Amino acid sequence: MRSIVQQLIHGLLLILGVTLISFLLMVWFGPDQTYTLIGKNATAAQIAEVRHQLGYDQPFVRRYVDYLTGLATLDLGASNSSGEQVTSILKRTLPISLALMLPGFIIGNLLGMALGLLAAFRRGTWSDRLITGLSVTGMSISFLIIIIALQVLLSTPYGLNLFPVRGWQVDSISSYLTYVTVPTLSLILVTLGYNTRFYRAIFVEESSREHIVTARAFGASPATLMWRHVLKNSLVPITTRFMFSIPLVVISGSLLIETYFGIPGIGKVSFDAITSGDQPVLKAVVGLTAVLFVLIQFVADFIYRAVDPRIA
Amino acid sequence: MDGAPSNLDPARASTIYANFLAVNLYDTLYRYKYLARPYELEPNLAESLPQISADGLTYTIRIKKGVYFVDDPAFPQGQGRAVNAQDFVYSLKRHFDAKTQSQGAWLWQKRIVGLDKWKENGSNYQQEVPGLRALDELTIQIQLTAPYPQLIHTLTQGFSAIVPREAVAFYGKELAVHPVGSGPYRLLSFNNTAAVMERNTRFRQEPFSLESEGFNPNLQSGYGLQQLEGLVPPFMDRVEVEFIAEDAARWNAFIAGELDFVKVPVSQFDQVLQSRDPPTLKPSLASDFHLQASLESGFVHTDFNMADPRIGYHPDRVENARNKALRCAIIKAFDWEKRNEIFYYGMGQVFAGIIPPVAPEYDPDQNKIAFARDLDAARLLLQNHGWSAENLPELEIGFTSSVTERLMFEQFRSFLAEMGYPQDKIHPLTFASYGDYAQAYLNREVMLMTIGWTMDYPDAENTIQLFYGPNASPGSNSANYNNEEFNRLYRASSTMQASASRTKIYREMNRILIDDCATISGISRRLILLWNRKLALLPDRSFLGGHFFRFAGQRENRQGTKN
Amino acid sequence: MIIQRVLEQSVGFLRSDHERGTVRDGTWSRLKQDRTGIIGLFIVTVFFLISLGVLLGFLGQGWSAADGGRWESASSNHWMGTNLLGQDIFQRAIFSTRTAFEIGVIVSLLSTLLGALLGALAGWYNGKPRKTWIDGGVLWLTGVLDSIPFYLFVAAVAYALQGWPWAMHVAMVATFWTATARLVRAEVMRIRSREFVLSARTIGLPAPLILFRHVLPNTLHILFVQATIAFVAAIKTEVILSFLGLGVQDSVSWGLMLAESTQEVLAGHFNNFLAASLMLFLLLLGFNLLADALQDAFDPRQAAL
Amino acid sequence: MNKTALSVRNLSVTLQTGMGLARVVDSISFSLQEGEILGLVGESGCGKSITAAALMGLIPSSAGIVKSDQIMLGDKNLARLSEAGMRRIRGNEMSMVFQDPLTALDPVFSIGSQLSMVLRRHRGENRRQARRSSIEMLERAGMADSQRIMQSYPHQLSGGMRQRVLIAMAMASRPRVLIADEPSSSLDVSTQARILEQFGELGQRFGTAILLITHDLGVVAQVCDRALIMYCGRIVEEAPVKSLYSSPAHPYTAGLLAAVPRINSAGVQRVRAIPGLVPHPADLPDGCHFAGRCASADTQCRTLVPGIQAADGRNSTHLQACHHPLPSASHED
């Protein structure tokens with residue numbers, strides 16, 4: 001009970017910090033949208049007018065507090081550039097980002113786990129060396145390179161020319177597949193190296209524990225060792241990685257993929273919001289990410305307790 | 001389309017992209033004829049061209065009867081009601097209501113009697129504006145403070161499109177994504193990558209007539225336009241507009257057959273063109289596509305910030321002269337030919353000054369020396385005014401950091417380097433977003449700024465005002481150029497109707513500006529448009545704007561077109 | 001003089017300290033045995049020499065001269081052809097090595113130092129049983145920074161520091177230090193309970209002295225590895241930022257070249273892309289291999305697994 | 001009752017170490033009688049634990065090579081057995097107790113499940129049966145509230161408790177042979193004593209033969225019937241505990257004994273440590289590996305490997321491997 005209260009406080013402090021820092025960066029020092037909103041031949045008076053409507057003339061504290069209250073009451077306001085309600089923007093874009101990123105994210109992790117398990121299991125053999133070698137290679141290729149290469153290879157006349165170059169005109173499973181394939185592949189390729197490596201390290205660590213030897217000494221089969229003892233003991237680090245990369249993948253990862261492939265997801269929206277200084281959108285995205293993080297911490301903590309008796 | 005509108009509210013339709021859609025979703029009083037070149041005005045929602053009083057101050061316009069807004073929840077029982085004169089009055093007033101965040105108000109500022117005053121009094125729509133009244137259901141009357149020959153042109157733009165007050169009341173800010181108009185199309189869906197429009201079934205029935213649209217059989221046959229004669233626009237049931245800013249991506253989408261109409265990115269010109277002059281298509285494409293190469297209705301120029309004593313006006317007469325020499329040298333060192341070759345595939349049109357080729361007042365036989373490169377002359381100028389590698393000022397060249405802008409900067413730097421300007425004295429002043437760039441130069445903080453200007457109407461007044469002293473920043477005169485003679489001539493010409501004598505004045509102003517070396521100018525980019533031969537269409541990216549959508553027909557029965 | 005003796009003793013403890021994970025003679029020999037590690041080291045050294053050559057003005061000086069035609073293909077005077085402006089792609093790729101090292105060194109150095117400092121303070125003043133505000137503060141800050149979407153944060157910083165050429169560096173340092181801090185904190189907490197530290201404390205040596213003379217040196221192994229990792233991350237991030245137009249301002253970099261290439265490849269001009277991505281890949285590979293080797297060398301137990 | 005439970009012929013283990021191949025166990029042979037407790041004694045690093053691992057077949061082929069003429073467990077020759085076959089042996093006919101009870105149990109499974117897992121594996125019992133018999137076992141191992149222990153997780157038990165659990169686990173399927181690798185060295189003295197007693201009882205009750213691996217001659221004296229002295233992978237002396245203590249034949253054994261502090265009429269004796277260090281298994285000296293540290297070593301010792309033989313003047317089961325064995329103590333008095 002006490003720990004839950006502590007967590008709540010901790011979570012609130014976190015949200016406070018995230019919002020404060022990002023508010024400072026993205027709003028206070030962030031780009032000024034006034035000049036994209038004024039028309040040709042604007043007069044000083046009109047400029048002042050726009051600034052006032054954007055609330056730029058308010059003092060820092062006032063604006064920050066408004067932000068927090070807005071966040072707390074889920075009243076996120078409307079985009080400055082399009083005038084669309086931020087909530088409806090999120091409703092529109094978030095599903096797209098999820099549909100876009102989740103397949104790659106999940107496949108990437110599962111594949112990484114599988115390879116990591118294989119490598120850990122065949123520790124020291126050629127297959128282990130091959131896998132680790134490949135993962136290092138993978139880690140050394142820039143995201144951008146992978147995207148460009150895949151696009152050229154899969155979506156242009158210079159390559160197989162199988163998929164649309166960009167965009168997101170999804171109205172059916174088939175169209176979904178055609179649009180999601182290349183981004184998903186890039187995402188997998190980009191993360192696979194890191195995942196494999198990470199999971200291998202964990203499995204190796206766990207499978208080299210004393211109690212594994214004991215289990216063997218009591219006749220446990222390799223399968224039992226891996227699936228029962230190693231996997232269950234690895235659950236904590238695995239959940240941690242899995243859970244905490246969700247928000248980052250959905251925002252940071254989608255940001256690049258979506259700007260490159262021109263997909264109207266949360267990532268593109270928030271990047272456009274940065275470049276155009278569309279603060280209501282920015283504030284919403286960042287604020288909600290922070291909240292998401294806190295929630296995830298709760299869930300993760302819950303899972304820890306479930307899988308590891310030592311965490312009371 | 002090569003860019004995305006952020007906003008479909010006509011009052012904020014400042015980009016050509018927004019304008020493109022606005023004029024299809026909303027009605028404007030006037031438009032330009034589909035086919036007539038040079039451009040001719042044609043009544044759109046208006047019944048006929050306005051009656052203008054002798055003193056040129058009073059415009060009386062009647063609008064067509066029985067025009068309806070599209071059905072929308074904004075209206076009682078969701079029934080679109082008839083459009084009336086009050087709607088126009090209201091729509092123009094909106095620009096003078098701070099809440100609207102209008103980007104087009106400048107077109108009518110201080111032009112219409114009482115309108116600015118109305119704003120000062122708090123934009124109360126109950127209040128009448130003496131200069132902007134609806135005489136009856138269908139009659140509009142506009143009173144000008146001074147003759148404003150360009151007024152009727154402004155009434156062709158998306159800015160002047162007619163918005164029902166119910167929609168504003170109903171959607172508020174969200175009007176930007178829920179357009180409610182009386183245009184040929186209505187919106188199905190809109191986001192930052194695509195807009196889908198369908199035929200507005202209640203759009204007024206006006207059969208298409210080649211003759212009245214100014215059809216020119218010699219030049220415009222072969223596009224299948226004739227077969228549309230007598231049919232009722234809009235011919236398309238459904239139009240999808242995809243916003244693809246990235247050139248290569250847009251082109252590949254087109255090649256992949258995802259688009260029927262595209263603006264060819266410069267990087268693809270050599271893949272597309274058989275010959276540059278006259279522009280002809282590669283045979284492989286010619287079988288499927290039509291080509292049209294036209295100049296943009298605007299130009300790109302790089303201004304010196306005249307308010308900056310390091311390069312512009314200087315209180316001290318000698319220094320002032322030296323700065324001018326420096327500017328002129330830089331202009332002479334600028335290799336327009338190469339710029340054009342590299343970035344516009346040699347197909348842009350370079351010209352001297354600020355009257356671009358598309359403007360009726362353009363002087364086709366102006367002397368080419370004014371923009372020919374002459375390094376020796378440039379070096380000599382520097383020498384004579386005591387400029388040397390040591391004492392040349394640090395140059396800061398502003399641009400928004402995109403790949404192309406950066407390359408342009410590097411090229412510019414190499415031009416100056418060839419003149420002997422030390423490379424390490426030329427710095428980029430990059431801005432991550434256009435907003436910040438604009439903010440900087442509108443606050444006169446940028447030494448050299450490159451600006452693209454899209455003309456609002458076919459009248460060089462629209463570009464000349466860019467250097468009218470009183471328009472200095474934050475006005476559109478971002479060079480902060482200020483020349484008494486120039487200003488006097490501008491004032492004189494501003495109230496004149498188009499005429500040979502006015503053209504003469506325009507050209508005189510152009511000469512003054514060139515002599516003062518206030519701007520490195522300029523080039524009008526060539527737009528190469530490709531569209532599927534299945535379409536019966538003759539597109540236009542300049543003044544006609546999106547108005548041509550309604551005339552896009554198809555030669556075979558094939559639903560929908562993508563742009 | 002008694003103090004004197006005990007002090008020697010405590011330093012003696014330090015010398016005789018053979019806990020795993022401290023820099024010691026064995027490291028180098030183990031490193032030498034690691035073939036891939038040597039390869040990595042070799043690659044990195046080569047690139048470093050290149051960047052040195054650029055810095056001293058032997059190499060890649062012609063990176064900005066636009067003396068070729070547009071998109072010339074490889075030839076004797078343009079080894080990797082030219083870009084849109086007719087600039088020599090090979091020269092640009094070479095010159096970019098310097099840019100990469102500039103960014104990599106600055107970012108990895110600063111972020112690692114910052115991480116070490118804050119991490120060490122947090123770990124030292126973690127002060128069981130009662131926590132101190134220092135530890136709490138550092139933990140909070142790392143938590144906060146880690147929960148802001150990375151690119152969003154970096155982009156935001158880059159914007160906030162408009163046009164300032166170091167914006168990118170600041171942004172990266174501000175985010176990269178947290179990982180190091182966490183590790184160092186843990187390590188310091190481990191070390192501070194070891195007897196040589198205890199003895200040093202019992203004789204009342206000033207905390208800072210102990211921390212920086214005796215404790216931090218024992219975290220060097222972490223710092224080395226983290227530095228290499230930060231280096232890799234920095235270079236990779238530069239690429240993305242340059243693509244987004246927030247990266248290198250007044251120079252050329254592989255990121256910028258790749259950004260250029262995004263528009264060219266689809267038109268069938270691959271030189272920019274190939275040159276940049278090849279160099280980038282090799283350097284990153286070198287560093288990753290080196291990082292692994294270091295990790296193993298410092299941490300034989302893990303390596304043995 | 002004098003049936004042989006386990007007999008080992010020429011068991012050798014070669015491992016890949018940082019300094020190259022090392023023969024850490026060098027063709028050792030010994031046998032183990034039912035109900036007997038045999039001590040395997042030596043300094044750390046002499047190959048005791050490796051021997052144990054090798055017997056259990058726990059040394060992965062990637063780590064090292066295990067060779068032997070035969071390892072007879074009853075009538076089965078483990079040397080010829082496949083991995084799958086070994087799995088059926090491990091924890092069943094031959095099981096093992098480890099040094100550190102803290103890490104030897106899987107932290108994320110309850111004691112109960114870990115115990116019954118073994119039973120279900122080897123005795124094919126279902127959940128309920130396995131659970132019941134586990135409880136029995138814990139009680140037999142002298143643990144009062146076995147119910148609670150079944151549900152509790154390793155980290156909730158004391159070291160001694162855990163070790164008892166492990167022993168219970170090891171005895172679960174009444175093995176012929178139990179290998180105990182330093183079972184008590186990580187425990188405090190009193191627990192140690194109790195654990196060792198437990199071994200004694202087990203030996204008696206089930207006739208299980210126990211191979212007790214330790215570095216502590218005190219422990220050996222306390223519980224073992226016979227002892228093997230191991231040095232650098234070789235067995236240097238094998239004898240009944242009495243005879244070994246009364247008159248060690250190998251100088252190394254003597255050295256070990258001398259290093260054990262004991263109190264007798266003459267009061268506290270000063271401990272004499274063996275000079276020098278144990279050589280690294282990768283570069284062992286030729287001949288007798290102990291020669292380097294031996295006072296009476298000569299050229300023969302440095303060249304010729306001493307064979308194991310009866311130590312003269314002592315009972316026939318006392319064997320030793322030294323060119324210059326110490327005179328039997330019995331002659332002197």
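In what order do the six strands of the open sheet in chain B stand, and what is their pairing? The structure is a predicted model, in which local features need pLDDT of at least 70, side-chain atom pairs count only at pLDDT 80 or more, and totals for chains, interfaces and linings use all residues. Residues are numbered from 1 along each chain as its sequence is written, while chains are lettered from A and ligands numbered from 1 in the order in which they are written.

The strand order of this open sheet is E15-E19-E14-E18-E16-E17 (chain B), and the pairing is mixed. Strands (E, at least two residues) and helices (H or I, at least four) are DSSP runs numbered from the N terminus, and two strands pair if DSSP finds at least two bridges between them. Strand E15 (349-350) and strand E17 (426-431) of chain B each have a single partner strand and stand at the edges, so one side of each lacks a neighbour in the sheet. E15(B) runs antiparallel to strand E19 (residues 519-524) of chain B, to which two bridges join it. Within this pair, B:Gln349 lies opposite B:Ser524 of E19(B).

In chain C, helix H4 (residues 89-124) packs against helix H7 (residues 167-191) at an angle of about 40 degrees, the axes being 6 Å apart. H4(C) is therefore oblique to H7(C). Axes are lines fitted to C-alpha atoms, for helices over the stretch in contact, with angles from 0 to 180 degrees between N-to-C directions; those under 35 degrees count as roughly parallel, over 145 as roughly antiparallel, 65 to 115 as roughly perpendicular and the rest as oblique. The residues of this helix contact comprise 21 nonpolar, eight polar and two charged, where Ala, Val, Leu, Ile, Met, Phe, Trp, Tyr, Cys and Pro count as nonpolar, Asp, Glu, Lys and Arg as charged, and the others, Gly among them, as polar.

Between chains, residues are in contact if their C-beta atoms, placed from the backbone, lie within 7 Å. Chain B contributes 40 residues and chain A 37 residues to their contact. On the side of chain B that touches chain A, helix H7 (247-255) and helix H14 (434-442) of chain B each supply at least two residues, and H14(B) gives the most, with six residues. This side of chain B divides into 16 nonpolar, 17 polar and seven charged residues.

The contact of chain D with chain A takes 24 residues from chain D and 19 residues from chain A. H4(D) provides the largest share of the side of chain D that touches chain A, namely three residues. That side of chain D consists of 11 nonpolar, seven polar and six charged residues.

Technical notes. Contact = placed C-beta atoms within 7 Å.
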